[in-house]
Amino acid sequence: MIKAILRIALVSISLMVCATAIARPVSYAGGWTLIETSNRASSAGLLHYTLNYNLSVGARYEWQRGSDTRVTAIQPTFLAKRWFGRDYQANLYFSGGIGTAERDVGGIENSETAKFVGVMADWETRSLFVSYEGRRMNLGQLGNQTMHAARVGWAPYEGDTGALHTWLMLEVDHREHMDERTSVTPLLRFFKGPALLEVGYNLSDSSPLFNFTYRF
Amino acid sequence: MNKTISLFIAAALSTSAYADDGKHEMKHHSGGQMNHADMNHDRGAEHDHGASHEHESHDHNAMAHDHGDMGMKAATITHTDEISAALANGGAPVVVDVLGVVCDFCATAMNKIFSKRDEVAAIYVDLDKKTLSLVINDGSDLSDKQIEKLAKQAGYRIAAIRRDSEAMGG
């Protein structure tokens with residue numbers, strides 16, 4: 001009974017809200033954002049449109065390299081709260097998604113409904129950054145996945161508007177479905193105008209991290 | 001995990017996306033005077049004067065007055081080529097103190113939203129001053145309420161608005 005209620009709740013949430021561990025997954029009203037992420041587990045692209053200051057809806061494609069699983073989903077992201085200060089901003093986002101997951105098993109293409117929910121929280125000033133992201137993904141017969149990731153960051157200087165902003169960051173992630181469950185990734189974030197680029201290297205899995213975001 | 005997320009979301013959805021970390025009240029300081037009662041006293045982000053504050057000890061007539069160790073000097077318009085040209089064409093200066101402006105994405109959002117308005121001749125988001133500098137076209141008007149609404153569409157909140165001579169610093 002409890003399991004059934006949880007399942008209904010998860011599907012409902014998936015249809016209502018969304019999230020991804022990217023800088024500002026909700027933009028300004030009427031804005032488009034292209035987000036590419038590539039880490040030790042997957043490569044993904046998300047193109048989203050911000051309907052209102054607290055809601056964006058996007059199309060997501062994710063390739064999970066280890067299992068060669070392809071997920072295509074509609075992903076809404078909901079800004080539940082934003083805390084403002086003169087020198088800081090903090091955000092709480094929820095995300096979800098529903099779509100299809102496909103994997104070739106023994107020459108036969110398996111297709112399942114993909115559902116996921118996520119939560120993301122961040123706090124940042126112009127020189128300090130802390131964030132957390134969690135995501136639970138259900139791929140039917142293709143398996144379930146849970147991911148947690150936390151980040152801290154520091155900017156060695158405060159760049160003004162339009163200047164190149166540079167951040168030194170450290171990410172720790174935990175993925176229950178992977179052999180190396182917990183890993184650490186030091187990375188550099190470069191930020192200029194509407195573009196954000198992150199380059200890092202996962203120390204546990206010896207794999208690169210490459211994230212790119214552009215707002216237009 | 002599933003249960004936690006469900007409960008978390010239910011609690012969050014029952015509240016506004018914009019949280020009040022103290023008192024956020026947008027104020028327009030008109031003319032050359034700045035009454036202390038009109039100041040935005042943001043407990044979380046700025047300062048709290050407490051109950052025993054002595055108003056007589058301040059010069060309230062200074063437009064860009066400084067509260068000393070409280071760091072409350074009002075920022076003036078940021079001069080860029082575009083802003084200077086718009087002012088030279090008779091545009092009206094407006095300086096908006098914005099809360100939560102910490103990165104270039106914030107600046108991009110403000111630029112995109114405000115630049116769409118015909119009333120706006122020039123715009124600049126200053127991350128150092130945490131201000132939005134606007135020049136309103138001669139003969140046009142953008143009310144405080146409209147500015148507040150546009151800032152909200154960009155995802156931000158306004159702390160104060162200064163216009164004309166106050167925006168120019170005297």
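So, A:Ala150: it counts as partly exposed because it has 16 C-beta neighbours inside 10 Å. The cut-offs here are 20 or more other C-beta atoms within 10 Å for buried, 12 or fewer for exposed, and partly exposed in between, with C-beta atoms placed from the backbone. Quick housekeeping: this is a predicted model, where local features need pLDDT of at least 70, side-chain atom pairs count only at pLDDT 80 or more, and totals for chains, interfaces and linings use all residues. Residues are numbered from 1 along each chain as its sequence is written, while chains are lettered from A and ligands numbered from 1 in the order in which they are written.

Back to A:Ala150, which sits in strand 8 of chain A, residues 144-154. Strands are DSSP E runs of at least two residues, helices are H or I runs of at least four, and both are numbered from the N terminus. Leaving aside residues up to four places away in sequence, A:Ala150 touches A:Ser131, A:Tyr132 and A:Val172; contact means C-beta atoms, placed from the backbone, within 7 Å. And A:Gly140, 10 residues away in sequence, is 27 Å away, C-alpha to C-alpha.

Okay, chain A overall. We've got 1 helix and 12 strands, and 45% of the 216 residues count as buried. Mean pLDDT, the predictor's confidence in each residue from 0 to 100, is 89 for chain A, with 89% of residues at 70 or more. But residues 8-21 of chain A stay under 50.

Most residues other than glycine have a negative phi. A:Asp68, though, has a positive phi of about 50 degrees, in the loop between strands 3 and 4 of chain A. A:Asp68 is exposed, with 11 C-beta neighbours inside 10 Å. A:Ser206 also has a positive phi of about 50 degrees; that one is in the loop between strands 11 and 12 of chain A, and exposed, with 10 other C-beta atoms within 10 Å.

Last stop, chain B. Helix 3 (residues 104-115) and helix 4 (residues 144-154) of chain B pack at about 130 degrees, axes 9 Å apart. So helix 3 of chain B is oblique to helix 4 of chain B: under 35 degrees is roughly parallel, over 145 roughly antiparallel, 65 to 115 roughly perpendicular, and the rest oblique. Axes are lines fitted to C-alpha atoms, for helices over the stretch in contact, and angles run from 0 to 180 degrees between N-to-C directions. Among the residues making the contact are B:Met110 and B:Phe114 of helix 3 of chain B and B:Leu150 of helix 4 of chain B.

Key
Two residues are in contact if their C-beta atoms, placed from the backbone, lie within 7 Å.
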